[in-house]
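Here are a few notes to read alongside the model, point by point.

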Amino acid sequence: MNHERSRDLYDRALSVLSAGVNSSVRATRPYPFFVERGDGGHVVDADGNRYLDCVMGYGPLLLGHDMPESVRAAVQQRASEGPMYGAPTEVEVELAEFVVRHVPSVEMLRFVNSGTEATVSAVRLARAYTGRDKIVVMQGGYHGAQESTLVEGDGAHTAPSSPGIPESFAEQTLTMPFNDQEAAQELFEEHGDDIAAVLTEPILGNYGIVEPVDGFHETLRDLCDENGSLLVFDEVITGFRVGGLQCAQGKFGIEPDLTTFAKVIGGGFPVGAVGGRSELIEQFTPAGDVFQSGTFSGHPVTMAAGLETLRHAAENGVWDHVDALGDRLRNGLEDIVADQAPAYSVVGTDSMFKVIFTREGQGVPRNGADVKRAETERWERLFWPAMEEQGVFLTANQFESQFLSASHTDEDVETLLEAYKEAL
Ligand SMILES: *Cc1c(COP(=O)(O)O)cnc(C)c1O
């Protein structure tokens, strides 16, 4: 494969963009390919190489790269009418109505511009509503590039996981292993009166994929109820990806107090949202006094793309299609792994999938530490490039989920399986 133009572009990028990229996961080694355009379930790079795309923008592109006519028309019309106004528009009401209609725990929303902004707003709201400062997050959970959740450590012994974050943020954040009900009970026994919220992904999607064991979310729900804390589901990846229209919370039968969305609900444009009971969401200014604001929030082009994407998905059986592809792919991968690398774990659900290079005797990961123990260097330095060489674009490290889209076909699944067979 020729990568001459990508190399030249990276050379230029290194002079003007930190590490040549605008999001750290994109800095693949030795240098990333630069994308020219999308094409259904594929991307084409600057040198004309075509890749089967399982990154899908790191999650947002439920439909793949080709916008269905209804989405394209809505986006083009909105953009041509002037991009944004600083005043409300009908389309943001329509997208909110759509989400409220389908996600049982959500009565009301506030749109923002990214998943990070959504979790920042949710944490502020939970702290204000409860009058408490501490939050609980899962080790290996990801809630965006924000001060309160970029922590490492165990229980109350936490420290910022990035320079530039004051210790005082980490002091307010408690951590526990995903799927560890005893750890949750212990944290609440010791700190229950101070815990504003438990913030968790329903499925670890940025460090895994790790699915919840039976009873885990129920335990969190009960502990929050008993202690007057809020349960916040970060459905930035799983929202309208897992569980179809009802999202992961519907699939698991859990009603969180607050839910954060982003990725899929913007149809490929920058978006985020916090949803929940009206009584909670109305705490945001100006109805309440919890400050929240955003110049681009509810951007008409984004709202139109999100609304038409979700409508299209609902009317065209998109979740049935992508979930069936996911099952077929995971089953095929199970066979290949059993044959060629029996220690490895095939993980995922619905249209999310990954092969984790777990070690001999390790089994399927149940929490972030299990994923961390797997062979991350082998995955990143040998496996990822071997797949790229075969024209398959995977997420850049062992931790991030990969995705199928409505643009993928049975034939793409076969191609993927052949590539895994070759590279594993
Ligand atoms: C992607 C992601 C975020 C961050 O969203 P951004 O739009 O990148 O800020 C937060 N939480 C989860 C679960 C995510 O997957």
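1. Around the ligand you will find S114, G115, T116, Y142, H143, G144, E201, N206, D234, V236, I237 and K263, where a residue counts as near if one of its heavy atoms lies within 4 Å of the molecule. Please keep in mind that this is a predicted model, in which local features need pLDDT of at least 70 and side-chain atom pairs count only at pLDDT 80 or more, while totals for chains, interfaces and linings use all residues. Residues are numbered from 1 along each chain as its sequence is written, and side-chain values use heavy atoms, with hydrogens and water left out.

2. The side chain of K263 places an N or O atom 2.7 Å from a ligand oxygen, and the side chain of N206 has one 2.9 Å from a ligand oxygen. For Y142, a polar backbone atom is 3.2 Å from a ligand nitrogen.

3. Now to the overall layout. Domain 1 covers 4–67 + 317–423 and domain 2 covers 69–314, with bounds from an automatic or database domain assignment. Their centres, taken over C-alpha atoms, are 25 Å apart.

4. How much area is buried between domain 1 and domain 2? About 2800 Å², with carbon and sulfur atoms giving 62%; buried area here is the accessible area (1.4 Å probe) that two parts lose on being put together, summed over both. In domain 1, the residues that lose the most area to domain 2 are M67, W319 and R366, together 28% of what that side buries. In contact terms (heavy atoms within 4.5 Å), 31 residues of domain 1 meet 34 residues of domain 2.

5. Across this interface there is one salt bridge, defined as a side-chain nitrogen of Lys or Arg within 4 Å of a carboxyl oxygen of Asp or Glu. The interface of domain 1 and domain 2 also has 14 residue pairs in polar contact, both residues at pLDDT 80 or more.

6. By the salt-bridge rule the count comes to 18. One of the pairs is D350 with K251, whose closest N and O atoms are 2.7 Å apart. E69 and R72 also form a salt bridge, at 3.9 Å from N to O. These two residues are about one helical turn apart, because they sit three residues apart in helix α2 (residues 69–80); helices are DSSP runs (H or I, at least four residues), numbered from the N terminus.

Methods: A polar contact is a pair of N or O atoms within 3.5 Å; within protein, one must be able to donate a hydrogen and the other to accept it, and residues adjacent in sequence count only if both atoms are side-chain atoms.
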